Structures are given as C-alpha cells and as structure tokens.
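Reader: I have a two-chain model to go through with you. Can we take it piece by piece?

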Amino acid sequence: MKVMEGSGAIAEAVILARPQVIAAYPITPQTHIVEDLARAVVDGRLAAEFLTVESEHSAASAVLGASAAGVRTFTATSSQGLLYMSEVVFDIAGMRLPVVMAVANRALSGPLSIWNDHQDAMTMRDSGWIQIYAQTAQEAHDLQLLAYRVAEDPSVSLPVMVCVDGFVLTHAFEPVEPITDEQADLLLPPFAPLAVLDPADPKTFGAYAEPSIYTEARLAVDRAMSAAEPVYAQALHDLGIVAGRRYDPWFDRYRLDDAEVALIVMGTAAQTARIAIDRAREQGLRAGLLAPRLFRPFPSSEIREALAGVGRVVVMDRAVSLGAGGIVASEIRSALYGSPARVVGVIAGLGGRDVSIDTLERALRADTDAWIDAQEATT
Amino acid sequence: MNELHLIAPGHRACSGCGLLIGARLAIDAAGPNTVIANATGCLEVTTTAFPQSAWRVPWIHSVFGNAAAVATGVSAALRARGIDAPVIAQAGDGGTADIGLQALSGMLERGDDVLFISYDNEGYMNTGVQRSGSTPYDAATTTTPAGPFSSGNRHPKKDLIGIVLAHRPAYVATATPAYHKDLQRKVQRAVQMKGPRYLHVLVPCPVGWGFDPSQTIEVARLAVRSNLFPLGEWRDGEPVKIKKFAAPVSVDEYLRVQSRFAHLFAGEHGAKERALIQSTADAAARRYGLSIYQSVPVVAGQEG
C-alpha cells in the first residue's frame, strides 16, 4: 500500500501499460498526470516518445496517427482541451483506434472555471468512446490499466476515456495498492493491432463514405460498443482474481436492496453519498445509492433491474443539457421507461461547487427537478 | 521511375487537375516505402471513396487541420517500431496556410521527422472556390467576387514560404508540375533527409482559376516565368538555389489566361491593378536575384 496522488496513481497505471507514444498539451487539472509520465520517460522507467505538442487538437491527432501506425498510446486532457480536440475525438472512434485517454473532469467556459464538474466528458457522450467514471485513486489506477485491455480487444477496437474528478481525485492523496508488473502482464496482453500503416502492406485509413456506406460504418461502431460490455466485465472480473480487488462493472450499490429512494451520482461524490445515505436512514428515510461506473456503453437493463422496487429515483447530475435538464437523469428516465419508479433530476456540484453531505441529503429529499445548490438571488 | 504509379488511375479528380498531377509526381518520386498523412480536401475526396482507394502506399486521413500532427504521431510510432520509412504530410493551401497552420508550425518547431507537402491551388476548391489565405491579390472567388465595387480578393497571398523559413527547417522548396523533373528531384532530395521539411507545390485548378483543362501545365509554367512563383530551395532557412530564366514574361500573360482575373482586363482600374501585381513579381525577382520583366527593349546596363 502506498499513499499516492490521484494523478500519480493514473500515471503509474499508464507506465504499466507501456505505451510507446504519449502526446499531451498542458491544461489544469490534468497536468500532473502527464508531468509524471514525462518524468518516467526521462528517468528511463518508460520507453516512450513523449510529444510536447502545441495544442490538444494536435495531441489527439498525434495519438490517432501513432495508434494507426501500430503502437499503444496515451493522452490526457480536461475541459476546453477536450472540446478543442473534439473533432479528432469523434474521428478516433470512427476509425476504431484503441486510444486510451484520462479526462480530469472540469467545467466548461463560460464563465471560465478550472474546477470540477462533468460537463466536459458529458459533451463527448455521443463520440463513440467508452466512458468509465472512477470514484477513488485506487479505482482510477485499476481502470486506467484495464482501459487498454478493453480498447484493444479485437471484438471492441474502440477508444476509452477514463474520467476522474479534477482536483477532488487528481490532486488528492489516497492509499493505493499498486498493480505489480506481474499482475499487469496477466491483465493486459501485448498490443496486437487489427490493421496498421505499414509500407510492406499498404492500407488506406480514413477513407470518406458516401451515403451508401456511412450508416453501416456508424452501426459498426455502435455494435462494437455493445461488444465492449462483456469484455469490460471480464476485465474487471480478472482484476478481482489477479489482484483481489472486485468491482461491479456497471455500478456501485450501497444499501440499495430495500431502498424506497435511490440516489444516482457518478464519480467521487458517490463516496460522500454513502454518508448521506447512512444519515438519511438514521432519520427514517430508506435510502440507497447506485453509482454508475460505466457510462458508455450505458448499461440500461442492468440499471433497470437494480432499481426494481424503488419508488423514487433521484439523479444528481454534475453537468446539464441547458434547456433540457440533467444528462444522466435523461438516461435513467429512458432506462426506467414503463417502470413505476418516479425519476427526479437534480443539478448540483457545477464548476467546483462543493458536493457536501448536506447537498446529497437535500438531493435525497428532492421531489421535483431542481438546481439544488444554486443561490437563486444571484441568477 | 516506377512503371506502376503510386496513385492508381480511376480517381475522381477533374480533368486537367494540377493537384493530382503534382501529387502523383511527388509520391512516384518518394517511392513505395512512404507513409502519407493527408488533410481533408480535393486530394482526399477524389482518391479515397470507400471501398476504393487510389493509394498504393499506406495512407491516413483524419480531419482538415491536423495532417502535420497526425504525421508526427505516425513518425514517432514508426520510429518506435524500428521501421525506417519517410512520412509525408500533405494538404491543400487551406490545410496549410489557414486551418492547418498551427499544426504545421508545431511540427516544424519541434523538429519532427516529417516532409510536409502543400498543394497550393489558391483557394477552397473542394467546397466551391472560396477564398483562402493563399488566394492571390485580386483573384475572383465565390467569396471574393469581382464586381462594380470589387476587384476580387483584397488581401495579398499569405507568405507561407516566409512563415515556414522562420522555423529554419532542414529543407524548403517550391515546385510546380510544369517543371516535373525539378519537382521530382526536390521530393527525392527531401525524403532522403531527416527532420522537418517543407515542399510548396503550386497546382493550377482549371475549375477555380478558369482555364481550359488542356492548359494546366502552361498556366503553371507562366506562374513561374512571370516571377509570381519562383522555384527555389532553402536549407536550414537559407536560400541555396533559385531557378533563373533569361527573359521573364509579364504577369499579364499569366493573368490573361485565367477567368478569375478577367475583370482586370476591363477599364482603367484593371490596368492599375495589373501594374500593382507586376510590381509584386518584380519585387520577388529583385529579392531572389532574378531577371525583371522589361516592357521595352533592354537598355545596356539596366538589367540586373
């Protein structure tokens, strides 16, 4: 067991995966991850090309090119950086390149905010990237390595985004049990790309599609998303066997079995939510927690099954589809369509506003959609 | 040269397309042991309509503005895999001078091992002949039409060579398909070098410039012979060779054959504008030590 910064825990997992090309551009709060990797390269711990590119657009482009040329890659970003690379983010998925990226979740401009919420990654919801949300440094460490296993599986061949709360996770020090080299070798086979740029066997990547084929290309990505579910579940299962750490692949459950009200929240806030659940129960409210870990592909049927018998489901979104409400709430409403459960969507914890136990208790008691931590007088 | 061209026949470019002539000359000169990263544009859409591809070398296209950065990633990966093959990034003038300029600058500044080839047809031809930063002064395009209150594009052509040279890359050259041996020699020279390299190829566009498709090579030749597009080579930011001609032609001869400049041949204003364009050609000639166009017989001692 070691006490590690969240960013360091992520960087150590990346080092275990031995990517050969890393490209990154500085943006807070992602920077500590790539600083640690740059240090690992100059110290000789990691044999990789570290490309100090001039923008996130080029960071994504360089890992796209490197992945197509047959090597394992890594990049990391946050917020505006993720949006700046967004056209390439979509293209990486469309080209079925198994790029792995850490996203240190941060709010979007405007107004400018360097602090944590989930708006950046949520905005890439439809990009064709697998999205996993971690709650702790240990989980970020584990998922970051397993991300390569899922991305590179020949039945998947899709990029993976490991989402971690900016500052709250990336800059906090927590005890972490690092994966050993031997464990990593058991969990992650060497990269065997399906197709590569190679003069010995010339192939065209990124051809353009006429209406006669575009739909089928997009459908292939969607089917690969479905194929990712069992591969991802197997990877987490194997982690349990190899390292003894067992995660439910789809979501964490806490006191959910007899719950009359369920709180749904992703990321680090799900850790604090356990305390809010305990307090609510002390006050006579039979509350429970469901914290999604996998957001894309979205495990609708598993969530629907887990919430059977719950009367009220409160979804706390740390991002918003302006004019339409919470984004996760919308997914949960779809998943529960036809079920008697009533879904309430609350918005909280935007732009670094602290998600306190009190905030989460208020969420549990919410009866109508609301921005529960907003100060109305200042709007 | 290869009997088998590395761009296969059957691509979808317009007849007389200067871009496809230039690109085929270039890749044939580079040879089959080459990897290409291509920007969005005419070259991409005319050669890679899935499931067909005209490319007999490994080729990748991502988006409009990132050819240089994709090439940087490919180059790093090939190095990691121990594969020694030149990487060429290629883009049109939009993917070079405008939307691709930042990625190009980053690639040059970092010293990445990439040859960037810009195919300059002086506008956004793939989207219907709109103005780019590389469109020359006074050219009519669909976003800079000529009319009673306009003589076309109001801005001088962006000095890409100057911008690239400021990065002091290993090798810089200009070329056109009109001097095809010169173009191929420059590509062969460039692919044998390491580090960042840049080749700027002027490729006349019959549709966007308005000339008969049979005249592509002649139009390219006139661009060079009028001193509007000197052919040169630079190493480490310094000129090493500029192609010289004994008797340059007037810019009028070049402008007259293209409908995008037709408005310059009507009225007094047009004559003034043409004189202005001649003065830019003369300035280029002075800068590179080339002969200056003389409208009257040369007086002894005046030349040079």
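Reader: What joins β9(A) to strand β2 of chain B, and how do they run?
Author: 2 bridges join β9(A) to β2(B), residues 59-61, and the strands run parallel. Two strands pair if DSSP finds at least two bridges between them. Helices (H or I, at least four residues) and strands (E, at least two) are DSSP runs, numbered from the N terminus.

Reader: Which residue is the bridge partner of Phe205(A) in β2(B)?
Author: Ile60(B) is the partner of Phe205(A).

Reader: Before going on, what kind of model is this, and how is it numbered?
Author: It is a predicted model: local features need pLDDT of at least 70, side-chain atom pairs count only at pLDDT 80 or more, and totals for chains, interfaces and linings use all residues. Residues are numbered from 1 along each chain as its sequence is written, while chains are lettered from A and ligands numbered from 1 in the order in which they are written.

Reader: Back to the sheet. What is the strand order there?
Author: The order is β9(A)-β2(B)-β1(B)-β3(B)-β4(B)-β8(B)-β7(B)-β9(B)-β10(B), an open sheet of 9 strands with mixed pairing. The edges are β9 of chain A and β10 (238-242) of chain B; each has a single partner strand, so one side of each has no neighbour in the sheet.

Reader: And how many bridges between β7(B) and β8(B)?
Author: 5 bridges join β7(B), residues 171-175, to β8(B), residues 197-202, and these strands run parallel. Tyr171(B) stands opposite Arg197(B) of β8(B).

Reader: How many residues are in contact between chain A and chain B?
Author: 36 residues of chain A contact 39 residues of chain B. Two residues are in contact if their C-beta atoms, placed from the backbone, lie within 7 Å.

Reader: Which elements of chain A give two or more residues to that side?
Author: They are β2 (21-23), β3 (49-51), α3 (56-68), α5 (86-94) and β9 (204-205) of chain A. α3(A) gives the most, with 9 residues.

Reader: What is that side by class?
Author: The side of chain A that touches chain B has 20 nonpolar, 9 polar and 7 charged residues. Here Ala, Val, Leu, Ile, Met, Phe, Trp, Tyr, Cys and Pro count as nonpolar, Asp, Glu, Lys and Arg as charged, and the others, Gly among them, as polar.

Reader: At what angle do α3(A) and α5(A) pack?
Author: The angle is about 15°, with the axes 8 Å apart. Axes are lines fitted to C-alpha atoms, for helices over the stretch in contact, and angles run from 0 to 180 degrees between N-to-C directions. α3(A) and α5(A) are therefore roughly parallel; angles under 35 degrees count as roughly parallel, over 145 as roughly antiparallel, 65 to 115 as roughly perpendicular and the rest as oblique.

Reader: Which residues make that contact?
Author: α3(A) uses His57(A), Ala60(A), Ser61(A) and Leu64(A), and α5(A) uses Val88(A), Val89(A), Asp91(A) and Ile92(A). They divide into 5 nonpolar, 2 polar and 1 charged.

Reader: Now chain B. How do α3(B) and α5(B) cross?
Author: The axes of α3(B), residues 67-81, and α5(B), residues 101-110, come within 7 Å and cross at roughly 35°. Ala68(B), Ala69(B), Ala71(B) and Thr72(B) of α3(B) meet Ala103(B), Leu104(B), Gly106(B) and Met107(B) of α5(B). That contact has 6 nonpolar, 2 polar and no charged residues.

Reader: What is the strand order in the open sheet of chain A?
Author: 7 strands of chain A form it, in the order β3-β2-β4-β5-β7-β6-β13, with mixed pairing. β3 and β13 (294-296) of chain A are the edge strands, each pairing on one side only. The twist averages 20° from one strand to the next.

Reader: How do β6(A) and β13(A) pair?
Author: β6(A), residues 130-133, pairs with β13(A) in the antiparallel sense over 2 bridges. Gln131(A) has Arg296(A) as its bridge partner in β13(A).

Reader: Where are the cis peptide bonds?
Author: One runs from Ser109(A) to Gly110(A), with omega near 0°, and another joins Gly110(A) and Pro111(A), with omega about -5°. Gly110(A) is in the loop between β5 (100-105) and α6 (119-123) of chain A, and Pro111(A) is in the loop between β5 and α6 of chain A.
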